[in-house]
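Opening the notebook on a new chain today.

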Amino acid sequence: MTSRKQMMAVVMCVAALGGVARAQSGGGAGQTPERLQGLDPAFLDKTADPCTDFFQYACGNFSKLHPIPADRAGFGSMTMLLDENQVILHSILEKAAAGGANRTPNEQKIGDFYAACMDTGAIDGGDLKGLEADFKKIDALKSRSDLAALLAHFQLVNVGAFLNYGEQQDFADARKQIAAVDQGGLGLPEKDYYLRTGAADEKLRQQYVEYITQTFKLLGEPDAKAAEDAHKVMDLETELAKSSLDVTSQRDPKNVYHMMPVADLEKMTPAIDWKEFFADTGTPPVTEVNVTYPPFFKTLNALLTSTDFETVKAYLKWQVVNSTPGWALPAKFDDAHFDFYGKTLSGQQVQQPRWKRCVAATDGALGEALGQVYAAQAFPPSSKEATQQMVRDIEAAMDSDLDTLDWMSADTKAKAKEKLHAVANKIGYPDKWRDYTKLDVARGDALGNADRAMVFESHRELDKIGKPVDRGEFGMSPPTVNAYYNPSMNDINFPAGILQPPFYDPQATDAENYGHIGAVVGHELTHGFDDQGRQFDAAGNLKDWWTPEDAKKFEAKTDCEVKEYGDFTVPGDVHVNGKLTLGENTADNGGLRLAYMAFLQDAKRKTLNLDQKQDGYTPAQQFFLAFGQNWCGELRPERARLQVQTDPHSPQQFRVNGVVRNMTEFGQAFGCKQGQPMEPENACRVW
Ligand SMILES: [Zn+2]
């Protein structure tokens, strides 16, 4: 998503975002990209039985051909496409970096941002000037009443010390943009990482404390003091974690929506001078704020009042270093960060090559300046037209799907259709590009560029408060290999980066394209009707439009999926969290069904012979194989555990087998028999 922490907890995307803290985004190993194609026969494992383990059949050879590279925590179809996109972005950036006086203003910015990131000589030899200015401000803190100004400054540079602050559309009235304060301030991925018992978690906490200790040592503290400070930081974060809302509960929009007058927040957390805080972030005047989770702010007040001031200062320094992008810091800090977040938490063995990290960093900071050039090169109007046609087909499929549901009343169906017909489609890139004129980018100043880009983005977002909503905005940059549904906007968004082979391939059969990108389109559309999305109406407001009986029936249907996915496990015998992944699983299941219906309609329109095999497969088999190959690949065990404990997306093998086993059409296409693993008797169906 955007480079700032996404305030609104309910934007749903198709792929796991991967990584924690400073995400290790970017491409795979130095393999030569090959032409990706719709359905790749080389990935199939024909020795497997599709009715026993379809993921193995569709993708069994993928990881033999493409083992996880050392600089990756996982590798799959999406990462392959990411690599291809990165090669294009790389050549755009190398050209912009080398270009002289004739560059356009955008070329200057992306070229110099990239060049500064690549300039490890300047970064390693630099004096941490940006950070030292922050350390001085921390050292100069005289009393707790000075904290508000400092926390406001930190928010602008994306240091989420103690809390997170941002803007969101008002859940109750999607036409309004409001201020929101959210829990924050943790360095581990999720509250349970501080609280779970057992040897593995205790070891991880110990490794985290060692990393904090190492960071303090690098800042020049003597060993004993560094260790002492690290323990104090850990204790403080643990207290914050205890009062934080867990990742599963955060998925329910009602749990993270508590509008109140600013005066009430002032009463709840008087340890922060909120008037000063809002003013110092440059926020337009606000009288009301969404305090996402009030109990956290009560605890925060107690902690700010009772914690000794030296601990608060140590914690702030730690937060500054840990939140600053590693590529902008000297190698010793970058390496320490990678050792914990990359190696220990995700199993990634080595850092990605510098150029890949710098491509990702430039995309994060100047996504629409870079993406404008990318889209012109990589996204022809024909791809946009084909995607639009597919979206229309899949929306039509949902319309007829609603007609056939036997469990939903006519009243709720009418409301569901109203919502469906109001969904806006955004494809490729925005009509109006972001203006980066006011962002200064300088060669030789990686850390300064990172800070200024973050402040620029913070102001861009905070300036929205109190203004009308811009419905044309994209929440992902054009080269992104992902897609999302935003319930407040009631829109589905497909960046140009995912509308590429293998997901959309002009040379593939229609069956393959419906299985690939059609399933992604169906997934996003179904998000509007999953356990989160269904709580928002056609206008994007959090408003119940269901009859109580229909809501009850919906919950019974989703309970089936909660149980189904909760039985899946990853290495270490960690179970998939059926509740955390419910929305994504519902979207996967509904999405594939809609894509299949749309494919059949399209086949009828084109009088396609459904018995005619191509390369040994009927069109229906091609459809399911293409879908399966969306998710080829594997995760390192560390990343798999991290994903099931923090991410709403199920690991990829379950995104294939968990879905096809619920569709009798799959069993028919492959001639499966009742009782086989991919055609069980207890299949689930919501949409
Ligand atoms: Zn999703």
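My entries below go from the whole chain down to single residues.

**Ground rules.** I am working on a predicted model, where local features need pLDDT of at least 70, side-chain atom pairs count only at pLDDT 80 or more, and totals for chains, interfaces and linings use all residues. Residues are numbered from 1 along each chain as its sequence is written, and side-chain values use heavy atoms, with hydrogens and water left out.

**Whole chain.** I looked up the secondary structure and got 26 helices and 12 strands (DSSP runs numbered from the N terminus: helices are H or I with at least four residues, strands are E with at least two). The radius of gyration is 25 Å against 26 Å from the globule rule for 687 residues, so the chain is as compact as a globular protein of that length. For that I took C-alpha atoms, and the rule is 2.2 Å times the number of residues to the power 0.38. Along the principal axes, the C-alpha atoms fill a box of roughly 75 × 55 × 50 Å.

Of the 687 residues, 60% are buried (buried is under 20% relative accessible area, exposed is over 50%, partly exposed is in between; 1.4 Å probe, protein chains only). Among contacts (heavy atoms within 4.5 Å) with a separation of 6 or more, 77% come from residues 24 or more positions apart.

**Core.** Which residues have the most contacts inside the largest nonpolar core? I find Phe54, Phe162, Tyr208, Phe277, Leu316, Phe624 and Trp687, in a core of 188 residues. A core here is a set of buried Ala, Val, Leu, Ile, Met, Phe, Trp, Tyr and Cys joined through side-chain atoms within 4.5 Å. Helix α16 (residues 354-378) gives this core its largest share, nine residues. A second, separate core has five residues, including Leu245 and Phe536.

I followed Trp687 further. Leaving aside neighbours within four places in sequence, its contacts include Trp407, Met408, Phe529, Trp546 and Arg593.

**Helix α7.** Residues 147-156 form this helix, and eight of its 10 residues are buried. Leu147, Phe154 and Gln155 are among the buried ones. The elements they pack against include α6 (129-139), β3 (163-169) and α19 (446-462).

Asn158 is partly exposed, at 23% relative accessible area.

Most residues other than glycine have a negative phi, and most peptide bonds are trans. Asp573 also has a positive phi, near 55°; I place Asp573 in the loop between β10 (569-570) and β11 (574-575), exposed at 58%. A cis peptide bond joins Pro501 and Pro502, with omega about 5°. Pro502 sits in the loop between β9 (491-495) and α20 (510-527).

Is Asp588 buried or exposed? Asp588 is buried at 5% relative accessible area, in helix α22 (residues 582-605). Beyond four places in sequence, Asp588 is in contact with His523, Arg655 and Val659.

Arg205, in helix α9 (residues 199-218), counts as buried too, at 13%. Not counting residues up to four places away, Arg205 touches Leu188, Tyr193, Tyr194, Leu195, Arg196 and Met234.
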